[in-house]
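Okay, thanks for making time, everyone. Let me put the structure up, and then I'll talk through a few strands and charged residues.

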Amino acid sequence: MSPTIVLEVETRFEEEERLDEFQKGVKHLCERGITKVPRKYILPALERPILTKKDDATNFKLPVIDFDQLQGPNRVHALKSLSKACEEYGFFQLINHGIACQSIVDMIEAGRKFFELSFEERSKYMSKDLRAPVRYGTSFNQNKDRVFCWRDFLKLDCHPLSDVLPYWPSSPTELRQAAVNYSEKTRFLYLMIVEAILESLGLVETTKDSDENDSDDHIKEFRDGSQLLVVNCYPSCPEPDLTLGIPPHSDYGFLTLLLQDEVKGLQIQHETRWVTVEPVPNSFVINVGDHLEIFSNGRYKSVLHRVLVNSLNSRISIASLHSLPFESMIRPSPKLINDANPRRYKDTDFASFIEYIASHEHRSKNFLESRRLT
């Protein structure tokens with residue numbers, strides 16, 4: 001065998017070996033003491049974040065929705081604020097949500113401890129099955145991403161809890177209880193917000209004028225909906241200007257309730273520029289997903305967002321992703337379609353989404369664009 005062929009075989013073997021290492025996750029790479037970002041994680045120059053010492057987005061504030069106001073005599077005014085936030089930003093900050101601070105702290109700490117487990121322990125939950133009740137993985141779609149992102153994740157299917165709980169990690173010992181408690185509370189909060197969103201879209205009468213049964217008829221299809229808890233880990237990165245924690249994307253579901261720790265990193269695209277969302281203690285960042293954009297026939301927009309990483313601190317976030325049941329068809333509400341606002345999206349379901357992300361990189365709003373009617 002010629003020296004050239006031997007070199008090619010050895011190089012190909014080394015690349016395959018490195019790719020196998022990348023499949024084990026960013027945390028695993030960091031535990032091995034890397035000091036440079038591997039080429040697999042380096043974005044093309046035009047896709048890299050522009051990091052400056054002076055963050056020009058520091059003064060950016062998301063619309064704030066006070067959950068107390070939604071439940072009180074000022075509900076009509078609060079609904080108008082909610083509608084404006086969903087139309088103009090696709091994001092809002094929810095305060096006074098009623099979930100105890102201890103539940104939030106317990107969830108973040110349990111998530112942090114999971115990623116502090118040994119790789120051997122974490123890897124027990126690695127799976128290529130996108131429907132697995134528990135899945136540990138890396139990047140966004142590690143089977144398709146041409147460039148990996150600087151993120152590891154633990155995904156927990158949360159509905160119905162009685163069916164999926166036996167599959168959840170038993171270590172760290174506090175994870176199951178913290179996640180059960182947190183998922184139940186965020187699920188209840190989600191349903192309350194959905195009811196408000198239906199009112200803001202004019203699909204049900206405001207509470208003081210409505211028949212309770214009418215409201216129940218509209219909300220019941222959401223009660224058995226899907227819920228996925230995603231614990232994201234963004235390890236500190238030696239060269240944060242070369243990569244991203246998650247590239248620009250929109251969320252596929254109806255609503256996402258995001259809990260940030262004290263380390264900032266979330267950015268949203270607003271009026272063509274990237275702006276940083278400042279972490280607000282004991283609050284949720286809530287965003288419109290693709291399914292809500294479809295359901296509202298384009299009135300409420302899912303918005304591109306991404307995650308920065310930094311060289312000093314690791315970051316943990318907890319995303320609770322909610323939508324209709326897996327077997328449901330997502331379509332524009334017939335009440336929101338008329339001659340002035342014709343139907344804008346095809347019917348879709350989770351099977352279509354799973355099939356799409358299994359064969360495509362999930363970037364920008366490419367899945368939603370595939371459902372748009374021309």
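Let me start with a cut-off: buried means under 20% relative accessible area, exposed means over 50%, and partly exposed is in between, with a 1.4 Å probe and protein chains only. By that rule Glu293, at 1% relative accessibility, counts as buried.

Some housekeeping. This is a predicted model, so to speak of local features we need pLDDT of at least 70, side-chain atom pairs count only at pLDDT 80 or more, and totals for chains, interfaces and linings use all residues. Residues are numbered from 1 along each chain as its sequence is written, and side-chain values use heavy atoms, with hydrogens and water left out.

So what does Glu293 pair with? Arg372 forms a salt bridge with it, the closest N and O atoms being 3.7 Å apart. Salt bridge here means a side-chain nitrogen of Lys or Arg within 4 Å of a carboxyl oxygen of Asp or Glu. Glu293 sits in helix α10 (residues 290-295) and Arg372 in the segment after α12 (366-371), so the pair ties together parts that are 79 residues apart in sequence. Helices (H or I, at least four residues) and strands (E, at least two) are DSSP runs, numbered from the N terminus.

Arg372 is partly exposed, at 29% relative accessible area. Arg372 also has a salt bridge to Glu369, where the closest N and O atoms are 2.9 Å apart. Glu369 is partly exposed too, at 42%. Through shared partners, Glu293, Lys365, Glu369 and Arg372 end up in one salt-bridge network.

Over the whole structure, the search finds 15 salt bridges. Another one of interest is Lys36 with Glu239, closest N and O atoms 3.9 Å apart. That pair links distant parts of the chain: Lys36 is in the loop between α2 (26-31) and β1 (64-66), Glu239 is in the loop between β5 (227-234) and β6, and they are 203 residues apart. Lys36 is exposed at 55%, whereas Glu239 is buried at 18%.

Now, β5 itself. How many of its residues are buried? Eight of eight. Both faces are covered, with Gln227, Leu229, Val231 and Cys233 on one side and Leu228, Val230, Asn232 and Tyr234 on the other. As for neighbours, strand β4 (residues 152-157) runs antiparallel to β5, joined by six bridges, and Phe153 stands opposite Asn232. β12 pairs with β5 in the antiparallel sense over eight bridges, with Leu228 opposite Leu321. For pairing, DSSP has to find at least two bridges between the strands.

β12 (residues 315-322) also holds Arg315. And here's a charged one for you: Arg315 is buried yet has no salt bridge, and the nearest side chain of opposite charge, Asp261, is 4.3 Å away. In that count Lys and Arg are positive, Asp and Glu negative, and His and the chain ends are left out. What Arg315 does touch, skipping residues up to four places away in sequence, includes Asn232, Cys233 and Tyr234. Contact there is heavy atoms within 4.5 Å.

Last stop: an open, antiparallel sheet of four strands, in the order β6-β11-β8-β9. Its edge strands are β6 (246-249) and β9 (273-276), each pairing on one side only. β6 pairs with β11 (residues 305-307) over two bridges, and His249 stands opposite His305. That's my tour.
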